[in-house]
Every structure is written in C-alpha cells, then in structure tokens.
There are 2 protein chains.
Amino acid sequence: MNQASHFPTWADIEQAAARINPYIHRTPVLTSQAINTLAGASLYFKCENFQKVGAFKIRGAMNAIFSMGQDEISKGVATHSSGNHAQAVALGAKTRGTKAWIVMPSTAPEVKKAAVLGYGAEVITCEPTLEARESTLKSVVADTGAQFIHPFDDWRVITGQATAAKELIEEVETLDALIAPVGGGGLLSGTALSTHYLLPEAHVYAGEPTGADDAARSFQAGRIIPSTQPQTLADGLLTSISEKTFAVIQHHVKNIFTVSDEEIVAAMRMIWERMKIIIEPSCAVPFAAVLQQKEQFAGQRIGIILTGGNVDLGKLPFK
Amino acid sequence: MNQASHFPTWADIEQAAARINPYIHRTPVLTSQAINTLAGASLYFKCENFQKVGAFKIRGAMNAIFSMGQDEISKGVATHSSGNHAQAVALGAKTRGTKAWIVMPSTAPEVKKAAVLGYGAEVITCEPTLEARESTLKSVVADTGAQFIHPFDDWRVITGQATAAKELIEEVETLDALIAPVGGGGLLSGTALSTHYLLPEAHVYAGEPTGADDAARSFQAGRIIPSTQPQTLADGLLTSISEKTFAVIQHHVKNIFTVSDEEIVAAMRMIWERMKIIIEPSCAVPFAAVLQQKEQFAGQRIGIILTGGNVDLGKLPFK
C-alpha cells in the first residue's frame, strides 16, 4: 500500500488552520536587503520566533489537543521534549483546560524548563537519551492515563506544523523553494505537504546540523538511520526522524544539506545583526544552507521558516 | 522673544517626512501581551531598531542632508557622534553622493565604527570627551569645508527625528502618553513637537540613565546643567542636552524619570526575551521608566520609541 495515501490532505491542513487560529499569532514575513545581498537571493523569513511560546511548535500541539474529544482529553496530555514542544503542549493543555506532564532531558535550557512550569505543567526530568525519554514518558502515561502527544511522529502534529508554510505561501504567493530545518522532521514534513498542495512546482529542501545528520544519511540510504550520539549547539535538532516524517520527506523533499556548527553560528549572527531579531541556533540552519549553496540558490525567491527564538541570553555562542 | 516661535512647525515636520520617506523604512509598531501584563499598561513600540542603519538617527541626518542645496553640500558633511548618528550621516552622505567625515570617540563600539567605514565615510578618532570631539570636528571642518551636522542641536535634525512619533501616532491614533529616551534631546524634542501638533492632550515623558542625568537636573533647575563625567552602559545617552532641545523640552515635556543601569538591563532583557527583538541598552530606558512608575501609567496607552538595535554581540550585559 502506498504510504502517501495516509498523508494529511489539503482539507486536513485547512481544518487545522481554522482550529488553531484563535490560539496562535499570525506571524509576520520579514525581508532584509542586507541579507539578500549576502545571500545573492530573495529570502522571505516566516517569523515563528514571534509565535506564542516563541516557536512554531504551538501549531502542532494546539492542533493535536483541540482535535481530541472531551473524553479523550479529560485525563490530560503528556510528552517528552528538549524544549519548545514542551512549552507548546503545556500552553495547549492550559488553553484547553486540562493537565500536562512534560518529560524533559536534564540538559534542556533552564529558560525552557521555567517557561513550562510557568504554564502550570508538571516537569519530569530524565537522562538526555531517547531511551530515557521514552521509558520515562511510558511510565508517566501508565500512571496518569494522559494522552501522549509525540513531538513529531503524529499526523495531527505534522498537520499543525504545515500551517506555517501555508501562511507563508499564501502571503508571498510565488516562491522557487522553501527550506526548513530538520530534527524530528515534523516541521519539514508539514512544510513539504503545504508546498506540495499550494506550489507543486516549488522545491522543498532541508538544512541539518552535521553533528545530527540522521535525516541526510537516511535520505541518501533510503531507510531510517537514527543518530546515536548527536552533537550540535542547535539543540532543537538533536532528535532523529520518525517513520511518518521520513515517509513524507522521501516523497516530497528534494535534498537535505548539512551545515557545521560554525556555519550555524555565523548565519545566526548575521540574522541577529542585520535583522535585529532573536532566533535560536536551530533556526539559523536553513539560512546557513543557503549561504553554503549560493550557486544553487542564486537569484531565487526562497521561503525560510524561522522556527523559534528561545535562547538562554546568559549562554550565547557569540565572541 | 518667545523661543517657541523658532520651533519647527507642523508643516516643517510634514515636509521632512515627504523629503526622507524615499530613503528610510516605514518601521512597524509592535505590541506584546506578555510585556503589557508586566507593565500593567498597553505599550506600543515603534521599532526604529529595524530602521536603516539600525536607528532613528537616519531620519534627522537624511532631513538635514537633503535640505541643503547643491552648492552647500558640495564639499561634504561632517559630524561627531558616539555611534548611530555617525552611521546615519555616513549613509546620508553616500545617498546624496557627497563625502562624510565622522569624528568618533575612541570608546565607540567597534561594530559602529566598522559600519561607518562600510558606508565609505572617513573616521577621525578622538578622546571620549565633549571638548575633544568639538575641537577635532572644528579642525576637520576648517580643513575640508564640510558642512557640520550636529547630532541634535540643529532644527533640521530635530524635525527629522519628529517623523518617528508622527508615524507612531498616525498608526495608533490614540495614546495617553509618549516616552522617549533623552541623551542630547533630539529625539525627545522631535517627539514632543509631533505629539504637541497631533495629540495635544497627550503627555510626553522622558527616561534618562541616572548616571547621565543632565536633562532631569536641568529640567528641575530650569537651566542647562551639563553632565561632567556621565557613566552608563546606555552609550547612546552620554551626551548632554543643548539650547534648542532644552527649549522644546521645557515647553512640551511633562516629566523626566531617571533609571539605574540595573533597571535598564532588566528592562532590556525583558524585551529581548518576550518580544524576541534586539534593542540597544539606550532604548530600554523608557520601558524601564514605565516599570518604575507603574502607578503613574497604570492602564494607559503609551507609545514608546525603540531607538536602535546596534549592540556588540560579543559584549552583552546579560549573565
């Protein structure tokens, strides 16, 4: 059976947009002459760093939480996340009027833990491995009866993330390419689906840190090869892709570029200095890929989703 | 003779806006629910940190440079500035197609010197005192025949800075108060004039660093008392007010609040963390004043001009 027959449809994405619109910000699309000159292309930045909870993750979490019936949601929700999805589920639960349990690795930035607690969720700290996250989450779900909202391997979440590219394309109208960062692949697969439905001629690319390049390796190999010891300061992209996100990526993504942490910090610094906006290291990855692949993208109109702006101001990577 | 009869008129401000509009950005007005909750008031931030050269100063410099006839401008322009006015005059001269000589104190941030050089201006470094600035500038003007554009004690500059508040008021329409930071007083007096013409019932306030509080002391004393050894990390506000700016301030400003460097850094951090935008320490001063004077401003609609976003990312004041 063709995997693509399970993919969210355009109607699903439209329904998700209508469902979550009351609870999210319509974020602006910004451009910068200075950045375009540096890139040799016309870049359209969808500023999800200005989104509620400071990241696009609120889209997927809200869509999942507001998709559920009252019975299903009554015992609360649970998830594991290194950061922004944690805040998103916490705020989503608060908005829906239910409880949230968030499993976070001990390495998650303090500012993100504090924000989750601020939304009234309970934080359970675990070792920073995928195994520890999953086993801790399993026991939380067993103890509480909460509904698990996976950070990306969930069609409701992917459909929610797709609404960011939907808004970007509807505002800018013509684009030659869209680029998203890839960690677990929720945003990338959502971006690929919206682009497929709205701009079938445009190409979708991903940027990935060299130190957490499971998506690039899996894409080349044609099968999922998870990261074992991912190492990158782009802490939102440490996770490995999943079955659902990989299926969409195989169908609808043209290529995945890997960039070093040095390239990521340089790209992040350019955006901070030239655009005067705060972005996380993770969301500098697509711009770093554009700078690395200048010839490929020369003169094109490129949409880039700036995924989030949650940084620890006491631990910035600039010298 | 009444000093106010020399003040720029509403027609002057409208002409300045028409003159400079082709060369500047229309900057957005941003709001933040989180910030409003912290302040207990509705704040409307005019984001001149997104302006060309990263600061409102381009308005006054462009207005002065494009007010001059071809003969007057033919030998170039010159100024002294600790930062943003320097970049503004440099870009203004480049735009008009003439030369610029910029006298900068040796303490000016490297990023600001580099930007001035990038616009093709010549930089002359001097000791960080008002005396050294003025004597160096005098010899540059004598040697070159360049026209001096004072950073603030110049009606053309004040009229240009007034266009920021004009845009803010025209967009937001009703405001109870406007607050600007005060260094030399160019932005403050421009803000006071636009408010006087457009919203005569609204009050204009200033925020000033405690370590450079010449405007507050002069305002209380009724005569200019310059700072002798100003000390604040708000490096855009080290200068003392001038005859022209003090005259407008005496006529049209309601009160001047002083805030400590600790209050400035705390306010700056809140704006970075909650709004995800980059602002200089100097432009956190009005927000710091609102937080300090919560009772005074409770429930009001307040316009704040975020003056600039040029910071040295390698030397941030966060821990």
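Is Cys126(B) buried or exposed? Cys126(B) is buried, with a relative accessible area of 7%, where buried means under 20% relative accessible area, exposed over 50%, and partly exposed in between (1.4 Å probe, protein chains only). The model is predicted: local features need pLDDT of at least 70, side-chain atom pairs count only at pLDDT 80 or more, and totals for chains, interfaces and linings use all residues. Residues are numbered from 1 along each chain as its sequence is written, chains are lettered from A and ligands numbered from 1 in the order in which they are written, and side-chain values use heavy atoms, with hydrogens and water left out.

**Sheet of chain B**

- Chain B holds an open sheet of 6 strands in the order S1-S2-S10-S7-S8-S9, with mixed pairing; two strands pair if DSSP finds at least two bridges between them.
- The edges are formed by strand S1 (29-30) and strand S9 (255-259) of chain B, each with a single partner strand, so one side of each has no neighbour in the sheet.
- Helices (H or I, at least four residues) and strands (E, at least two) are DSSP runs, numbered from the N terminus.
- S1(B) pairs with strand S2 (residues 42-47) of chain B in the antiparallel sense over 2 bridges, and Val29(B) has Lys46(B) as its bridge partner in S2(B).

**Helices across the sheet**

- Helix H8 (residues 155-172) of chain B lies across S1, S2, strand S7 (177-181) and strand S10 (301-306) of chain B, and runs at about 145° to S10(B).
- Helix H10 (residues 214-221) of chain B lies across strand S8 (203-209) and S9 of chain B, at about 145° to S9(B).
- Axes are lines fitted to C-alpha atoms, for helices over the stretch in contact, and angles run from 0 to 180 degrees between N-to-C directions; contact means heavy atoms within 4.5 Å.

**Helix H3 of chain A**

- Helix H3 (residues 57-67) of chain A is mostly covered, with 10 of its 11 residues buried; among them are Ile58(A), Met62(A), Ile65(A) and Phe66(A).
- These buried residues of H3(A) pack against helices H1 (10-20), H4 (70-73), H5 (84-96) and H8 (155-172) and strands S2 (42-47) and S3 (77-80) of chain A.

**Relation of the chains**

- Chain B is superposed on chain A by a rotation of 180° with 0.0 Å of shift along its axis (RMSD 0.0 Å), which is the relation of a two-fold axis.
- The superposition is by least squares on the C-alpha atoms of residues with pLDDT of at least 70 in both copies.
- Ile277(B) comes closest to the rotation axis of the residues of chain B, at 2.2 Å (C-alpha).

**Cysteines**

- Cys126(A) counts as buried at 7% relative accessibility.
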